[in-house]
Amino acid sequence: MSTPSTSRAAAPSSPAPAAAVPGPASASPSGGSGRFGSLGPVGLVLAGVLSVQFGGALAVTLMPRAGALGVVTLRLLVAAIVLLLVCRPRLRGHSRADWGTVVVFGIAMAAMNGLFYQSVARIPLGPAVTLEVLGPLALSVVASRRALNLVWAGLALAGVFLLSGGGFGGLDAAGVAFALGAGAMWAAYIIFSARTGRRFPQADGLALAMAVGAVLFMPLGIVESGAKLADPVTFGLGAAVAVLSSVLPYTLELLALRRLPASTFAVMMSLEPAIAATAGFLVLGQALTSTQAVAIALVIAASMGAVRTQVGRGKRPLPPVDA
């Protein structure tokens with residue numbers, strides 16, 4: 001959330017195995033090597049992941065001031081403003097199918113963020129990201145159609161079973177449901193990110209989709225938080241969440257993907273649950289039990305295994321999508 005966070009575009013990253021095809025990352029508005037490029041591609045990816053997850057942790061601290069829906073509204077709004085100013089997308093000359101694709105992409109982005117933030121308002125950040133990762137993992141396994149991926153799916157399910165304590169008795173049921181819903185929206189986000197990238201040049205589609213998501217989500221944020229969103233401190237913190245969880249990760253990942261194999265990128269993105277758990281502990285004081293730590297490790301191993309299996313076969317992690 002990321003995430004994709006986008007996160008990714010969202011948060012938590014915002015973005016699991018399917019991340020081997022860089023949806024929002026490939027559409028980042030920034031380019032060139034510059035100062036960030038001196039970190040090296042691996043350093044850039046790690047910096048992006050850290051930015052997404054610590055942005056998510058900051059969002060949790062902001063929720064008492066603005067509410068979960070208010071935080072999502074601020075994040076989408078600020079990120080949309082930044083991307084629109086940088087990209088200046090062309091509004092004319094697009095077909096009805098183009099606009100339909102970008103609208104669905106924006107809806108998926110907004111839903112992914114909204115559901116994830118509702119989740120982290122109820123359960124710790126580490127388990128929430130672990131459950132969310134199941135969406136892209138499921139998409140990756142289905143796309144590969146290889147028997148070996150059933151092993152990775154089973155490993156992930158074992159991790160989820162451990163995380164649930166045999167029934168999610170230790171986690172809020174609504175928080176678990178929201179995290180799983182966010183995972184489903186993450187899978188949809190990946191698919192429509194790819195479609196949007198083929199229909200719009202550079203980051204134009206991403207900027208327009210972010211604006212669609214912001215406009216659609218704004219009424220929910222206003223109903224929940226009202227005038228609180230206009231408070232300078234609240235707005236400033238929301239802007240920081242948008243930069244950490246959306247704008248900065250896209251730039252770093254784009255720079256990294258110019259010099260880093262997509263397969264290596266995907267494996268590194270599979271570490272997000274562990275980094276989320278670390279951010280939750282350092283920023284929010286959310287300690288994990290030993291069982292939860294083992295569960296997260298199993299899901300990470302399943303994600304990495306699924307990516308490596310697909311790379312070994314020489315296939316893209318995502319199924320072909322009609323343009």
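Modeller: Helices are DSSP runs of H or I, at least four residues, numbered from the N terminus. This is a predicted model, where local features need pLDDT of at least 70 and side-chain atom pairs count only at pLDDT 80 or more, while totals for chains, interfaces and linings use all residues. Residues are numbered from 1 along each chain as its sequence is written, and side-chain values use heavy atoms, with hydrogens and water left out.

Colleague: Which residues of α12 are buried?

Modeller: E272, P273, I275, A276, A277, A279 and G280.

Colleague: What span should α12 have, and how far apart are its ends?

Modeller: Helix α12 covers residues 272–284, so its 13 residues at 1.5 Å each should span 18 Å. The expected span is 1.5 Å times one less than the number of residues. The end C-alpha atoms are 17 Å apart, which agrees. Just after α12, G285 takes a positive phi of about 70°.

Colleague: Now the core. How many residues are in the largest one?

Modeller: The largest nonpolar core has 66 residues. Such a core is a set of buried Ala, Val, Leu, Ile, Met, Phe, Trp, Tyr and Cys residues joined through side-chain atoms within 4.5 Å. F116, Y117, L125, Y189 and M210 have the most contacts inside it.

Colleague: Which helix gives the most to this core?

Modeller: Helix α4, residues 41–87, with 17 residues. A second, separate core has 6 residues, including L44, V45, A256 and I275.

Colleague: What about L50: what does it contact?

Modeller: L50 lies in helix α4. Beyond its neighbours within four places in sequence, L50 is in contact (heavy atoms within 4.5 Å) with G55 and I275. L50 and I275 are 225 residues apart in sequence but 6.9 Å apart in space, C-alpha to C-alpha.

Colleague: Why does L50 count as partly exposed?

Modeller: Because its relative accessibility is 40%.

Colleague: Switching to α9. Where is the kink?

Modeller: At F217, about 35°, shortly before the proline P219. The bend is the angle between axes fitted to the seven residues ending there and the seven starting there. Just after α9, G226 takes a positive phi of about 55°.

Colleague: And D204, what does it touch?

Modeller: D204 is in helix α9. D204 touches C87, P89 and R90, not counting residues up to four places away in sequence.

Technical notes. Buried means under 20% relative accessible area, exposed over 50%, partly exposed in between (1.4 Å probe, protein chains only). Helices (H or I, at least four residues) and strands (E, at least two) are DSSP runs, numbered from the N terminus.
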